[in-house]
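Morning, everyone. Please have a look at the structure on the screen, and keep the sequence beside it.

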Amino acid sequence: MRESLYRQMVYCINTYRTWIEVADDNLYKEHIISRTDRTDYLVSRTLVLRAFKTNGIHAEGTTWTIPEHELDKALAIYRKQDSTFKQRIKKAAMYFSPKDAETLIRLATYGIVQLELIVRPTPIPEKPYYLCY
């Protein structure tokens, strides 16, 4: 996963969170990948998510570690499912939306983690600030 895309995903999760936050986005951890004929060991970046309040069956303080290779697999699946996503991220990482972050995390965790991100509207005063006085 490109660094800019990874950072945009972390930004979306932290900004629009409702019950889950990014606990660590720079953890490098050894993972075991089982093959039919051998076992491979891989050190990769791991995204750590933590529930900061209870939500359904997930208690406060529950953590999930998502290896980057799982995020890469989820990204490949999502590119095949949504052609507009593929076009948007080719342009720039800034087109990565909270909906995309939810989908990637859901795919990478095999449906276990549902982020439930909420984009809150920015309050805009009726009058510009210089007319308020």
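Start with Y110. Y110 sits in the segment after helix 4 (98-108). Helices here are DSSP runs of H or I, at least four residues, and strands are runs of E, at least two, numbered from the N terminus. This is a predicted model: local features need pLDDT of at least 70, side-chain atom pairs count only at pLDDT 80 or more, and totals for chains, interfaces and linings use all residues. Residues are numbered from 1 along each chain as its sequence is written, and side-chain values use heavy atoms, leaving out hydrogens and water.

Y110 is not a glycine, yet its phi is positive, near 55°. Is Y110 buried or exposed? Exposed, because its relative accessibility is 62%. The cut-offs: buried is under 20% relative accessible area, exposed over 50%, partly exposed in between, with a 1.4 Å probe and protein chains only.

E116 lies in the segment after helix 4. Its phi is also positive, about 55°, and E116 is no glycine. E116 is partly exposed, at 42%.

Now helix 2, residues 68-81. Which residues of helix 2 are buried? E68, E70, L71, A74, L75 and Y78. Down the helix axis they fall within an arc of 145°, so they line one face of helix 2. That arc is taken from the directions from the axis to the C-beta atoms. The cover includes helix 1 (3-15), strand 2, strand 3 (63-67), helix 3 (83-91) and helix 4. Contact means heavy atoms within 4.5 Å.

Last, the hairpin. It joins strand 1 to strand 2 through 4 residues.

Notes. Pairing = 2+ DSSP bridges. Expected span 1.5 Å × (residues − 1).
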